[in-house]
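Dear colleague,

I am passing on the structure we spoke about, and I would be glad if you could look it over alongside the notes below.

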Amino acid sequence: MTSRFPAIAADITNLFAARNTHAVEVAILQPADPFLDMAGEDLRRRIFLTESETGQTLCLRPEFTIPVCLDHISSQAGTPRRYSYLGEVFRQRREGGNEFFQAGIEDLGDRDTAEADARSVADAHALLSLVLPGRSLTVTLGDQGIFEAVLAALGLPRGWRMRLARAFGSAPMLQAALADLANPPRNGQLSGEVAALVLDGDLEGLSTHIAGGMEEAGLSASAGRAPSEIARRLIEKAELRSVRLSNEAFAALKNFLAIDVPLDGAAEALESFAAGAGLSLGAALEKFAARARAIEAHGLPAEKIRYDAAFGRPLDYYTGVVFEIAAQGGERPMAGGGRYDRLLTLLGAKTAIPGVGFSVWLDRIEALRETAP
């Protein structure tokens with residue numbers, strides 16, 4: 001591990017204590033499956049994998065949200081509960097080292113989701129304001145829930161809604177999905193047995209066939225997608241090829257993704273879009289408006305907060321608000337987070353536990369502190 005603890009660590013932990021969080025430490029070595037199953041394509045390919053003596057696939061901790069949630073479930077702690085952390089994570093990056101410090105808060109179990117979302121944005125903004133004094137900060141918000149509500153209101157079949165929802169947060173993936181939706185590709189060339197299994201929608205049979213082929217080729221299922229995931233994607237792609245969105249619906253989707261407005265006008269912009277497209281966004285729009293009011297109540301600078309309908313973050317477990325905070329004029333975000341209401345159930349919680357959280361990149365913050373504001 002890197003030996004230099006960030007100089008700003010004490011200030012951050014003091015802020016966490018003042019904000020009524022429980023400081024938590026989680027193991028560096030983690031079970032890999034939760035990350036491979038739930039973290040998203042971008043993070044999956046950056047994980048450092050290893051194997052225990054018993055054959056369990058493990059990984060170096062690539063982020064904190066999943067480990068903190070797993071620890072919460074195993075400890076059977078009550079909710080609501082706010083956890084804070086500061087420690088190293090390990091993943092391959094295009095820039096910077098492969099081990100670096102992150103800090104953040106995971107806010108679990110608060111049923112007032114609008115207030116919890118607003119508090120998460122406010123906590124992240126307060127942290128950055130503390131360690132980057134004099135820097136002007138900009139906040140970008142997106143909303144997975146609004147995006148999925150638009151897809152449902154447009155009448156897209158489940159397979160397409162799932163593909164587009166997974167692509168939300170990755171501009172290249174979303175553009176590729178939209179291109180396929182506008183002009184469905186022709187069927188690819190599949191072998192006879194695979195083609196028959198795909199045509200029949202035989203998920204179990206196709207998974208078994210793929211697993212056998214991987215075993216013969218000496219490939220480990222833990223190194224990438226599981227055979228069942230590959231099979232599901234193949235069947236889904238075959239089903240998707242039979243769907244073509246109408247010109248009117250496709251235009252409405254493009255118009256929605258073009259919305260980029262200050263937060264204080266975002267609810268009105270969404271209402272105007274829905275009325276013009278003849279869509280009902282129902283509860284999703286009500287939640288959006290309640291969150292916007294809660295953020296305003298925290299006193300954050302409204303002129304520095306924008307809602308971008310096409311903005312997402314490349315982690316599969318997000319279900320609602322997503323956000324990033326950057327220094328004015330900066331190319332990279334200093335903080336990022338979002339809501340993940342399904343994650344704890346998927347990780348084994350017996351009852352649904354809502355959650356929202358954020359993390360900050362301490363190496364990016366330290367690099368910015370070294371330059372004049």
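Predicted model: local features only at pLDDT ≥ 70, side-chain atom pairs only at ≥ 80, totals over all residues.

I begin with strand 5, which covers residues 81–90; nine of its 10 residues are buried, so the strand is largely enclosed by the rest of the structure. Strand 5 pairs with strand 6 (residues 99–108) in the antiparallel sense, over 10 bridges, and within this pairing R81 stands opposite L108 of strand 6. Strand 5 also pairs with strand 1 (residues 22–23), here in the parallel sense and over two bridges, where H22 has Y83 of strand 5 as its bridge partner.

The second topic is the packing of helix 6 (residues 144–153) against helix 7, whose axes lie 10 Å apart at an angle of about 155°. Because angles over 145 degrees count as roughly antiparallel, the two helices, helix 6 and helix 7, are described in that way. The crossing of helix 6 with helix 7 is right-handed, and the contact is formed by Q144, F147, E148, L151 and A152 on the side of helix 6, and by R161, L164 and A165 on the side of helix 7. Sorted by class, this contact comprises five nonpolar residues, one polar residue and two charged residues.

As for helix 7 itself (residues 158–167), its buried residues are G159, W160, L164, A165, R166 and A167. After helix 7 comes G169, which has a positive phi, near 110°.

With best regards

Notes. Residues numbered from 1 in each chain as written. Heavy atoms only, no water. Buried < 20%, exposed > 50% of the residue type's maximum accessible area, 1.4 Å probe, protein only. Helix = DSSP H or I, 4+ residues; strand = E, 2+ residues; numbered from the N terminus. Pairing = 2+ DSSP bridges. Axes fitted to C-alpha atoms, helices over the stretch in contact; angles between N-to-C directions. Parallel < 35°, antiparallel > 145°, perpendicular 65-115°, else oblique. Left-handed = near helix turned anticlockwise from the far one by under 90°. Contact = heavy atoms within 4.5 Å. Nonpolar A, V, L, I, M, F, W, Y, C, P; charged D, E, K, R; others polar.
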